[in-house]
Amino acid sequence: MVLSYKVRFWEMRERSGRAKAFDVRWTVNGREKSESFLTKGLAESRREKLETAAREGEPFDPKTGLPASELRELRQRTTWYTMARDYMDTRWERTPGNTRRTIAEALATITVAFVDKGVAYHDPRVLSRAVYSWALNKNA
């Protein structure tokens, strides 16, 4: 992941007729980013946080537009994969075999949908089968 210090902030934009009418806009390495907020105060607060991060010399991620500190926080959160495995572990002992299979199939299907586009895997069915047979099988 390549981070960038090339960050520019634009004026806040008010878009009447929208539920979230206030947009905070900025660019990282020329890539436009924006977030929408319900109130002007929330938008100003977000913009100030981003500007403070830039002013303190924090690099930004061009893909997400977030400062490095926010990226670290996101990575430390529980992932879908971890949550799915924990869920299966808690249900395993008290769930009949057919129900286990149904839950594992559903979670495997959803897991494949969460894989980022561009990540190299040959066939979604192969990935789904691996998740189903290995990752969500407590005995494997």
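Mentor: Let's begin with one term: two residues are in contact when heavy atoms lie within 4.5 Å. With that in hand, among contacts in this chain between residues at least 6 apart in sequence, 43% join residues at least 24 apart. Please keep in mind that the model is predicted.

Trainee: Thanks! What pattern does the chain follow along the sequence?

Mentor: The order is β-β-β-β-α-α-α-α-α, which comprises four strands and five helices.

Trainee: Let's turn to the strands. Why is β3 described as largely enclosed by the rest of the structure?

Mentor: A residue is called buried when its relative accessible area is under 20%. Six of the seven residues of β3 are buried, so the strand is largely enclosed by the rest of the structure.

Trainee: How do you know that β3 and β4 count as paired strands?

Mentor: Pairing requires at least two bridges between the strands. Strand β3, residues 22–28, and strand β4, residues 31–37, share seven bridges in the antiparallel sense, so the pair meets the requirement of at least two. As an example from this pairing, Thr-27 stands opposite Glu-32 in β4.

Trainee: How do you know that β2 pairs with β3?

Mentor: Here the count is two bridges, again antiparallel, with β2 covering residues 13–14. Glu-14 has Phe-22 of β3 as its bridge partner.

Trainee: How many bridges join β1 to β3?

Mentor: Three bridges join β1, residues 7–9, to β3, and these strands run antiparallel. Val-7 stands opposite Val-28 in β3.

Trainee: What makes the phi of Asn-29 stand out?

Mentor: Its phi is near 55 degrees, a positive value in a residue other than glycine. Asn-29 sits in the loop between β3 and β4, and that hairpin has two residues between the strands.

Trainee: On to the helices. Why is Ala-53 called buried?

Mentor: Its relative accessibility is 7%, and the label applies under 20%, so Ala-53 is buried. This residue belongs to helix α1, residues 40–55.

Trainee: Which residues is Ala-53 in contact with, leaving aside neighbours within four places in sequence?

Mentor: They are Glu-58, Phe-60 and Pro-67. Ala-53 and Pro-67 are 14 residues apart along the chain, and their C-alpha atoms are separated by 6.6 Å.

Trainee: Why is Thr-111 called buried?

Mentor: At 11% relative accessibility it falls under the 20% limit, so Thr-111 counts as buried. Thr-111 lies in helix α4, residues 97–114. Not counting residues up to four places away in sequence, Thr-111 touches Trp-80 and Val-131.

Trainee: Buried or partly exposed: which is Leu-127, and why?

Mentor: Its relative accessibility is 24%; buried would need a value under 20% and exposed one over 50%, so Leu-127 counts as partly exposed. Leu-127 is in helix α5, residues 124–135. Its C-alpha atom is separated by 9.8 Å from that of Val-115, twelve residues apart along the chain.

Technical notes
Residues numbered from 1 in each chain as written. Predicted model: local features only at pLDDT ≥ 70, side-chain atom pairs only at ≥ 80, totals over all residues. Heavy atoms only, no water. Buried < 20%, exposed > 50% of the residue type's maximum accessible area, 1.4 Å probe, protein only.
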